[in-house]
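Hello,

Please find the structure you asked about below. My notes on it follow.

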Amino acid sequence: MREGPDIARIASLVGDPARANMLNALMGGTALTASELALEAGVSLPTASSHLSKLMEGGLLTLASQGRHRYYGLAGPQVAGMIEAITGVAEAVGPKRVRPGPRDGAMRVARVCYDHLAGEQAVAMLDCFVEKEILLRDDKEIRLGPSAASHFAAIGIDVDAKPRRPVCRACLDWSVRRSHLAGTLGAAILDKILAEKWARREKDSRAVIFSPPGKQAFEKVFLG
């Protein structure tokens, strides 16, 4: 037996179609019940419970109780990043399940990736930050530039806090196949977009829909 991480075990957990659908449903950052995840996976509640137990044992999910309800969520940004990266590989080389319609187009433009913005708008935003040296990119690593703290403070985002997870992290975007911004800064930017009502979450979807004035405001603040 070889030493090191057991990739096959994680791959087998993610590779089951029902479990993959559950994990993808949780990429929107909202915790869901077993019944809701059973619907997403297209399986019965007992079957869903069995799948959820395996995902919990594998360390891919967390469970929180509130009253009589139990809510499942992804175990953290690392798990979300793995799902996004796998989706990118599937998009690039795997067979595609075609579901035509405007929702697909909206997902490519802007969507939630766990707790941060993904899609064409998010990739363009990271490119702009790097071009202006607000953020510095060294291979796959992203870090704050000298002007980052003052730049983000001017728009109401504090990057001086000492979070337990990275402030900046590159997350491979499955639709654009280039990186967008994750980490606590990526999450704070998405929070601001929604708080300012520049965009809204589409119901039952990860898509983020910008209003025309909201799109202009977003582009002025983050792409200008």
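What percentage of the 224 residues in the protein chain do buried residues make up? The figure is 40%. Please keep in mind that this is a predicted model, and that the values here are computed from it.

First, the chain as a whole. The protein chain contains 10 helices and 10 strands. Its C-alpha trace spans about 50 × 45 × 40 Å along the principal axes. The radius of gyration is 18 Å, which agrees with a compact globule, because a globule with 224 residues would have a value near 17 Å. Of the contacts between residues at least 6 apart in sequence, 55% join residues at least 24 apart.

Is V221 buried, exposed or partly exposed? V221 has a relative accessible area of 26%, so V221 counts as partly exposed; the range for that class lies between the buried limit, under 20%, and the exposed limit, over 50%. Setting aside neighbours within four places in sequence, V221 is in contact with I155 and W198. M125 is 96 residues from V221 along the chain, and the C-alpha atoms of the two are separated by 9.7 Å.

Regards

Technical notes. Residues numbered from 1 in each chain as written. Predicted model: local features only at pLDDT ≥ 70, side-chain atom pairs only at ≥ 80, totals over all residues. Heavy atoms only, no water. Helix = DSSP H or I, 4+ residues; strand = E, 2+ residues; numbered from the N terminus. Rg over C-alpha atoms; globule rule 2.2 N^0.38 Å. Buried < 20%, exposed > 50% of the residue type's maximum accessible area, 1.4 Å probe, protein only. Contact = heavy atoms within 4.5 Å.
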